[in-house]
Amino acid sequence: MINEEELFDYVKTALAEYDGHGGASKNRIRYSRFDHTKRVYQWAMLLAEDYADKIDMEALQIAAIFHDIGYSVQEDLDNHAAHGAVLCREYLEKTGYQEERTKFICDLIARHSDKGILHKDIPMELVLLQEADLFDDTGAHGIVMDAWIEACKEDVSFESILAHIRRFTWRDMQNNPMRTEKARRIWEEKKALTNQFVESLTMDLYGGSNDAVSQ
């Protein structure tokens, strides 16, 4: 049996330096990759409820906790998934974890960023991990993040914040990339919230003016 608290502590320590400056992937804000990891883990566990008797739950738990530890290799962030698989293997080997399961878990981590394979013939553990990863920074959370990023500009305005939300969270939410029934339903709920927020803020700022169309 794994000790989730120990795994989280290990990953938090590994990501401490990266989280200290927020990384390059989220412009201008302090985006905690460890906090992202905790959110992805929670999403993965929620989605996995429908498959508890069909998947290797412990493998999914470990993969979710370690999926972004590769960001600690800061000189090569583009290959964080591959680095994460190596770092997870090093950890599991030190604990004497079973080799066959170690290989499976590290494969999940190595492939979690390749969302193009989500609807292909892949293990359900990988489907759930990818869906959980896609959920973060969407819906209400994505709207807040967009506003935070835009607010760091010197010439920020309500209108520029709305435009930023439209360019990122609103646009990204329009197509549902999910595969499992529960994930598709949750995505649609997030999409509806996002659309309602954008429509409401547009009305607040522009009313019925055609100026909103050009934003």
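In this predicted model, aspartate 133 touches His36, Val40, His67, His112 and Lys115, leaving aside residues up to four places away in sequence. With Lys115, the side chain of aspartate 133 forms a polar contact of 3.0 Å. Histidine 67 lies 66 residues from aspartate 133 in sequence, yet the two C-alpha atoms are 9.2 Å apart in space. Aspartate 133 belongs to helix H7, which spans residues 124–135.

| Residue | Relative accessible area | Class |
|---|---|---|
| Aspartate 133 | 14% | buried |
| Cysteine 88 | 0% | buried |
| Cysteine 152 | 37% | partly exposed |

The model contains zero disulfides. For cysteine 88, the nearest cysteine sulfur is that of cysteine 106, at 4.4 Å.

Helix H8 covers residues 139–151, 13 residues in total, and reaches 18 Å from its first C-alpha to its last, close to the expected 18 Å. Its buried residues are Gly139, Gly142, Ile143, Met145, Asp146, Ile149 and Glu150. Because these residues cover an arc of only 165 degrees around the axis, they lie on the same side of H8. In an α-helix there are 3.6 residues a turn, so residues three or four places apart point the same way. The buried residues of H8 pack against helix H9 (158–173) and helix H10 (181–206).

Conventions
Residues are numbered from 1 along each chain as its sequence is written. This is a predicted model: local features need pLDDT of at least 70, side-chain atom pairs count only at pLDDT 80 or more; totals for chains, interfaces and linings use all residues. Side-chain values use heavy atoms; hydrogens and water are left out. A disulfide is a pair of cysteine sulfur atoms within 2.5 Å. Buried means under 20% relative accessible area, exposed over 50%, partly exposed in between (1.4 Å probe, protein chains only). Helices (H or I, at least four residues) and strands (E, at least two) are DSSP runs, numbered from the N terminus. Contact means heavy atoms within 4.5 Å. A polar contact is a pair of N or O atoms within 3.5 Å; within protein, one must be able to donate a hydrogen and the other to accept it, and residues adjacent in sequence count only if both atoms are side-chain atoms. The expected span of a helix is 1.5 Å times one less than its number of residues. The arc is that of the directions from the helix axis to the C-beta atoms.
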